[in-house]
Amino acid sequence: MANNTEDVEKNRVRQETAGDSVPTHQQQGAVALRDRARGNAGAGGANGPEQNGQAPSAARPPRVVEAVEEEDEELTLKYGAKHVIMLFVPVTLCMVVVVATIKSVSFYTQNDGQRLIYTPFPEDTDTVAQRAVNSILNATIMITVIIVMTLVLVLLYKYRCYKVIQGWLFLSSLLLLFFFSYIYLKEVFKTYNIAMDYFTLAAIVWNFGVVGMICIHWKGPLRLQQAYLIMISALMALVFIKYLPEWTAWLILAVISVYDLLAVLCPKGPLRILVETAQERNEPIFPALIYSSTMVWLVNMADTDGPKRNSREAVAPEPQAATEPQAPASPSQDDGGFNTTWVNQQVHQLGPLQSTAETRRAIQEMPSARPPVEDDDEERGVKLGLGDFIFYSMLVGKASAAASGDWNTTLACFVAILIGLCLTLLLLAIFKKALPALPISIFFGLVFYFATDNLVRPFMDKLALHQFYI
C-alpha cells in the first residue's frame, strides 16, 4: 500500500508539472504577440508604418516645420525692432540738430533775397496765381536737375567709372565739411556772441573737415563716420531751408517723394538699376551716399586696373586649349589651405588616406587654423540714403521756420516722419526688397503739417484766448 501511495503521489506531481508548463508556453506566446504589436506601434509612431515593404519616409514632421517658421518670424520681429531703433536714433538726431539751429540761429530763417541758381523765379509776387506758377517752375527745374544727376551717377556706376564718382563725391564732401561748416560755425558764434579769431576758426574747420574726409572716404570708427554723415545731412538741409522759397520747398517735397517711389519701384528706375547693379557685382554702394549701421570701407574699389569680376566669374576657371600643355603648379599658387604641412599632419594623425566614415569624422574634428566665423548682429545692418535724411530734416525745419512755426506743428511733423519710417521698415520686412523711404514719411509729414497749421493751431489759439482747458 505504501508503494502504491508513493506511485499515486508521484503521478499527481507529474500531472501538476505538466499542467503548469502548458500555460507557461501560452503566456510566452501572448507576450511575444504583445511585444510585436508594441514594436509595430512604436515604429509607426516614430517613422510611420512600412508601405509595400519599403522603409518609411523621413519627412519632417509638421510640428518641426511650424517651429522653424515661428523661429524665423521671431527673428524677423527681433531684427525689425532693432532696425527701427537703429534708424530712429540718427534720423531723430539729424532733425534735432536742424530744429535747434532754426530756433536759435536767425541766419537760416531770415530772407535776404538770395536764391539758388536752380530756383530763379521769385515768390514775392503781387498775386497768388503768379506765386503758384513761379513755385511750380522752380520745383520743375529742381526736380529735373535731381533726375539728371541721378542718371549721370547710375551711368557712371554701370560703366565702372569709380574714380569719377569718388572724385565727384570727394568734392561734394569737401564743400560741405569745409565751406558750409565754416558758415555754420561763424553764424553760431555770432549768434551767441562768442569771440573767435580767424586762425582758431580755421584750425577748427581744418581738423573737422580732414577727420570727416578720412572717416567718410577711407577708414574710421563707425560712430564717428555716422556722426559725420548726420552732420553733413543737417548742413545740406539747412542750406535748402534758407535758400528755397516756401512754396517751392513744399512742392519739391511732394514731387520728390513721388519721384523716389517711381525711381525705386519701376523696373527701369534709376535707383533700382543702381541697387541691382551693386547686388550683381557684390559691391556696397558708396558710403558718402548711404548711411549704414555697419562699417563700409571702399579703399581699393577705384584702384583696380580692369573691371572687377563678380563671384561667379571668379569661381569659374578659364578654359584652356587642348593642345596647350599645362604648366606644373608653382608653390606660390593658392592651394586652398591643403599644403604639404597639412597633408603630413593628416597622415601622421590618421595614417594612410582612406575615404571612410571614421577618417572623414576625424578630419572634421581636427583643429583648424582659421578663426571661427562669428555671426555678428551688426552684419544685419540697415541702410538709408542721405537724401532721406536731408528731406526729412528739411520738412521739419521748414515747419519750424514757417511764419506760424510753433512747437505743435514741429512736433506733429516729427512724429509723422517717424511713423512713416516705421511703416516703411514694416513693409521692408514683408517684401524683403529695397523700398523708397520718402513717400510714406513725406506724405504723413505734409498732411500733419497743413492739418496742424490750419486746424489744430487756430483751435488751440481759441482755447487759450477764452481760457478753456480740455
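Predicted model: local features only at pLDDT ≥ 70, side-chain atom pairs only at ≥ 80, totals over all residues.
Residues are numbered from 1 along each chain as its sequence is written, and side-chain values use heavy atoms, with hydrogens and water left out.

**View A. K190 and E187 pair within helix α4.** The side chains of K190 and E187 form a salt bridge at 3.8 Å, N to O. Because they are 3 residues apart in helix α4 (residues 162-191), about one helical turn separates them; helices (H or I, at least four residues) and strands (E, at least two) are DSSP runs, numbered from the N terminus. K190 is exposed, at 56% relative accessibility, whereas E187 is buried, at 9%; here buried means under 20% relative accessible area, exposed over 50%, and partly exposed in between, with a 1.4 Å probe and protein chains only.

**View B. R272 and E276 pair within helix α8.** Both residues lie in helix α8 (residues 270-280), 4 residues apart, which is about one turn of the helix, and their side chains meet in a salt bridge at 3.0 Å, N to O. R272 is partly exposed, with a relative accessible area of 28%, and E276 is also partly exposed, at 34%.

**View C. R457 and D453 pair within helix α14.** A salt bridge of 3.3 Å, N to O, joins the side chains of R457 and D453, which lie 4 residues apart in helix α14 (residues 439-466). R457 is partly exposed at 24%, while D453 is buried at 11%. Salt bridges that share partners join D453, R457 and D461 into one network.

**View D. N138 sits buried in helix α3.** N138 belongs to helix α3 (residues 128-158) and, at 0% relative accessibility, counts as buried. Its side chain makes a polar contact of 3.4 Å with the side chain of T248, a polar contact being a pair of N or O atoms within 3.5 Å, where within protein one must be able to donate a hydrogen and the other to accept it, and residues adjacent in sequence count only if both atoms are side-chain atoms.

Methods. Salt bridge = Lys/Arg side-chain N within 4 Å of Asp/Glu carboxyl O.
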